[in-house]
Amino acid sequence: VNAGEDFYIPKGTAYFLKATGFDSDNDNLSYCWEQLDSGKVDASNFGPELLTGSINRSIPPSENKIRFIPNISEILNGNLVLSNPTLFSSWETVSNVERTLTWGVTARDRSEKDPNGIGQISQDVKKVFVTATAGPFKIMSHDSGDIVWKSGSNQKIIWDVANTNKAPINTERVSIFLSVDGGENFSIPLAENIPNNGEAYIIVPGNISTERARIKISAENNIYFAVNTSSFKIEERDFAFPFIEPEKISCGDEELTFEFNLKTYNNFSGDVKFELLEFPNQISYNISPTSLNSSGTLASINLNRNELPYGTYKILLTGTSDNTSEQESFFASFYPDSISSPNLVSPDNNLTDANINQNFEWTSVNYADNYRFELSTVEDFSSLVKDEKTTENKISISNLDSEVTYYWRVSA
């Protein structure tokens with residue numbers, strides 16, 4: 001049996017363990033995953049802050065090679081941590097502190113149904129390193145049961161990267177999966193091997209109707225993942241027209257072009273005619289062609305800002321066939337060619353006597369999506385202590401040395 005490679009994972013985040021086994025006699029194998037860390041653990045100290053000892057009970061062997069931590073029902077209910085367990089508690093929790101979890105797996109080729117049979121065992125060990133500087137990795141959107149998706153629509157999924165894209169975890173890419181049975185199976189891929197940047201648009205698959213949809217985001221080449229907090233609804237419809245890119249940015253007077261394509265379901269046939277609704281009066285636009293009748297065909301919308309003030313605008317495209325109308329929204333952002341630089345407010349640039357938890361603040365800049373904060377101990381910034389992005393005009397940095405001089409700068 002092989003327990004697999006060791007991994008670094010974020011704190012406060014669900015994960016899974018998967019063994020691979022082989023038997024030369026082709027006997028069925030059973031597997032038992034157990035946390036091997038020694039230490040005194042009881043109901044009074046069991047919990048996610050425990051630094052030594054096991055925080056996950058042993059469970060009976062089964063033919064399932066995979067064990068989820070915690071068990072999948074607790075994950076789906078949002079119960080990732082457990083403290084002060086009782087007799088009938090699961091006695092499973094993720095860790096909220098930096099520590100090494102040692103896991104062992106035992107494979108047996110003797111059937112549990114034949115207690116008198118003769119068999120062999122094989123064992124292997126892996127380590128899971130919980131990192132305190134990353135996590136919890138979690139889905140931020142789709143946290144309400146009132147959400148309704150429609151077939152073929154664009155949907156934006158947002159998650160908290162929580163430093164998982166940085167060392168030592170270094171997760172550059174993730175995949176997003178859909179469950180239509182309340183989380184028993186996440187068998188429908190929505191987006192695979194995409195950047196771990198905290199947001200992604202997906203297109204809802206067709207021919208799905210459920211009130212038990214759930215979303216899962218899995219780290220590529222790692223064992224941790226996140227599931228959204230509640231079930232939501234997916235409704236079928238006869239046609240849709242999702243955008244290739246639902247959000248675009250124009251700088252200065254650049255024209256914006258949005259492409260969308262027709263998707264049809266349930267043997268639908270007919271012309272779908274398009275027009276814009278709920279858009280600013282200053283915008284001029286052109287849709288070409290103005291109707292589509294074949295699934296997979298493309299149309300485009302050209303937008304010009306004219307005298308419209310800079311900013312981001314939600315615009316609604318409607319498509320009508322006979323007495324049926326569907327809608328899809330998209331977002332056009334118009335910004336000036338250039339924006340000003342922020343001014344440092346506090347502390348001074350040549351910072352001495354830094355607080356161990358030091359706050360930095362600068363002036364806000366109109367139309368800035370985010371700010372890049374750089375902190376260095378050398379004046380030319382050839383090496384950096386911190387290099388962070390934030391959407392706010394302030395940041396707090398920990399563990400600075402009061403005897404060191406720090407230089408800092410911000411760009412928008």
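Visitor: In which strand is T102 found?

Guide: T102 is found in strand β5, residues 99-108, where strands (E, at least two residues) and helices (H or I, at least four) are DSSP runs numbered from the N terminus. Residues are numbered from 1 along each chain as its sequence is written. This is a predicted model, in which local features need pLDDT of at least 70 and side-chain atom pairs count only at pLDDT 80 or more, while totals for chains, interfaces and linings use all residues, and side-chain values use heavy atoms, with hydrogens and water left out.

Visitor: Is T102 buried or exposed, and with which residues is T102 in contact, leaving aside its neighbours within four places in sequence?

Guide: Buried means under 20% relative accessible area, exposed over 50%, and partly exposed in between, with a 1.4 Å probe and protein chains only. T102 has a relative accessible area of 13%, so it counts as buried. Contact means heavy atoms within 4.5 Å, and, with neighbours within four places in sequence left aside, T102 is in contact with E34, Q35, L36, D37, V125, K126 and K127.

Visitor: Where does N163 lie?

Guide: N163 lies in the loop between β9 (154-160) and β10 (173-179), and at 35% relative accessibility N163 counts as partly exposed. Leaving aside neighbours within four places in sequence, N163 is in contact with T133 and A134. N163 and P10 are 153 residues apart in sequence, yet 8.3 Å apart in space, C-alpha to C-alpha.

Visitor: What describes a pair of aromatic rings?

Guide: A pair of aromatic rings is described by the distance of the centres and the angle of the planes. Rings of Phe, Tyr and Trp (its six-membered ring) pair if their centres lie within 6.5 Å; planes under 30 degrees apart count as stacked, over 60 as edge-to-face and the rest as tilted. By this rule the count comes to 23 aromatic pairs. One of them, F137 with Y224, is edge-to-face, at 5.2 Å centre to centre and 80 degrees between the planes. This pair links distant parts of the chain, with F137 in the loop between β6 (121-131) and β7 (138-139) and Y224 in strand β14 (residues 224-227), 87 residues apart; both F137 and Y224 are buried.

Visitor: Over which ring does the charged end of R409 sit?

Guide: A charge sits over a ring if NZ of Lys or CZ of Arg is within 6 Å of the ring centre and within 35 degrees of the ring normal. The charged end of R409 sits over the ring of F381, 4.1 Å from its centre, and K216 lies over the face of F225, at 4.7 Å from the ring centre.

Visitor: What is the order of the strands in the open sheet of three strands?

Guide: Strands of a sheet pair through backbone hydrogen bonds, either parallel or antiparallel, and two strands count as paired here if DSSP finds at least two bridges between them. The open sheet has the order β18-β23-β21, with antiparallel pairing. β18 and β21 (284-288) stand at the edges, each with a single partner strand, so one side of each is left without a neighbour in the sheet. β21 and strand β23 (residues 298-304) pair in the antiparallel sense over five bridges, and N286 stands opposite N302 in β23.
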